[in-house]
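Please look first at the sequence and the structure shown below, and then read on for an account of the spaces inside the protein and of the residues around them.

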Amino acid sequence: MSVLDTLNGEAFTALGQHVIWSDMIGNTIGLAALALGWRRSIWTWPAQFLSGAVLVAAYASAHLSGGVGKQLLVIGVALWGWRQWQRGRQQAQDGSIAVRFAGWRERGVLLGGTAVGTVAVGTLFTLIPQLSWNPWPDAYIFVGTLTAMVAQARGLVEFWFAWLLVDVVGVPLAFSSGLAFSGLVYVVYLALVVWGLRDWWLRSRASGRPVLEGAAA
């Protein structure tokens, strides 16, 4: 039996839902990554990288190409985010990662890029049905996750709002796709996102100045 077969094997059954190893392990690491992001630890990025690598197998087993693509993006953006935080980690007075609210121009770019990206990816998934059985929600999560990670890499409080919007669609899609553990984890994400949003919001107000602008490249 290959490693991939083992990862996609059933771990346990709960309430009629079959939970596979890759879904459980990948999302558990993902929860740890989100908690590390809340604490502004640079180790959030290696954790996101590892979570994405494991979840590729989970989404492939559910035939969600958009989910597979999303995790491949997670892997790539995690490497970029790690570099961004390494360059900006000393910009906060306490030596941690500095955070701030985005400017209106940045918000416009994030919202516009998300809208255009969702339409483009959703259209692609619709034209090529083999890529996704649920094209528009899949595209929304695909692009929304990328937006959230880019905002996180730049130290923007809006990162948490982006995750909230992804979760609204991610919870029902995960359950309907047979990835029960993913659905459960998305629910836990909601609590972590609310707490993380509060923490970053307070810290951005305390700093009183823009940060991480030098790490935009």
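## Cavities, a pocket and the residues around them

The lining of the largest cavity is made of 23 residues, and G30, S51, V74, W163 and Y189 are the ones that lie nearest its centre. The model is a predicted one, in which local features need pLDDT of at least 70 and side-chain atom pairs count only at pLDDT 80 or more, while totals for chains, interfaces and linings use all residues. Residues are numbered from 1 along each chain as its sequence is written, and side-chain values use heavy atoms, with hydrogens and water left out.

A cavity is, on a 1 Å grid over the protein atoms alone, a set of points where a 1.4 Å probe fits but cannot get out, whereas a pocket is an open set with protein on both sides within 12 Å along at least five of seven lines; lining residues have an atom within 4 Å of a point. Grid points are joined across faces, edges and corners, and a volume is the space filled by probe spheres set on the points. By this rule there are two cavities of 30 Å³ or more.

Two or more residues of the lining of the largest cavity come from each of α2, α3, α4, α6, α7 and α8, and α3 gives the most, with six residues. For the largest pocket, α5, α6 and α7 each supply at least two lining residues, and the largest share, six residues, comes from α7. The residues closest to the centre of this pocket are L111, T114, T147, A162 and L165.

The table sets the two spaces side by side; in it, Ala, Val, Leu, Ile, Met, Phe, Trp, Tyr, Cys and Pro count as nonpolar, Asp, Glu, Lys and Arg as charged, and the others, Gly among them, as polar.

| Space | Volume | Residue classes in the lining |
|---|---|---|
| Largest cavity | about 260 Å³ | 11 nonpolar, 11 polar and one charged residue |
| Largest pocket | about 270 Å³ | nine nonpolar, three polar and two charged residues |

S51 lies in helix α3, and because its relative accessibility is 6%, S51 counts as buried. Buried means under 20% relative accessible area, exposed means over 50%, and partly exposed means in between (1.4 Å probe, protein chains only). Leaving aside neighbours within four places in sequence, S51 is in contact (heavy atoms within 4.5 Å) with G26, I29, G30 and Q71. The C-alpha atoms of S51 and I75, which are 24 residues apart along the chain, are separated by 8.4 Å.

T147 has its place in helix α6 and is buried, with a relative accessible area of 14%. Residues up to four places away in sequence not being counted, T147 touches L110 and T114. Both of these belong to the buried residues of α5, which are E106, L110, T114, G117, T118, V121, G122 and F125.

## The cores and the whole chain

A nonpolar core is a set of buried Ala, Val, Leu, Ile, Met, Phe, Trp, Tyr and Cys residues joined through side-chain atoms within 4.5 Å. The largest one has 39 residues, of which L34, W45, F159, W160, W163, Y186 and W200 touch the most other members. Its largest share, eight residues, comes from α7. A second, separate core has five residues, among them V121, F125, F142 and V143.

The protein holds eight helices and two strands, which follow the pattern α-β-β-α-α-α-α-α-α-α along the sequence. Of its 217 residues, 50% are buried. Among contacts between residues at least 6 apart in sequence, 70% join residues at least 24 apart.

Technical notes: Helix = DSSP H or I, 4+ residues; strand = E, 2+ residues; numbered from the N terminus.
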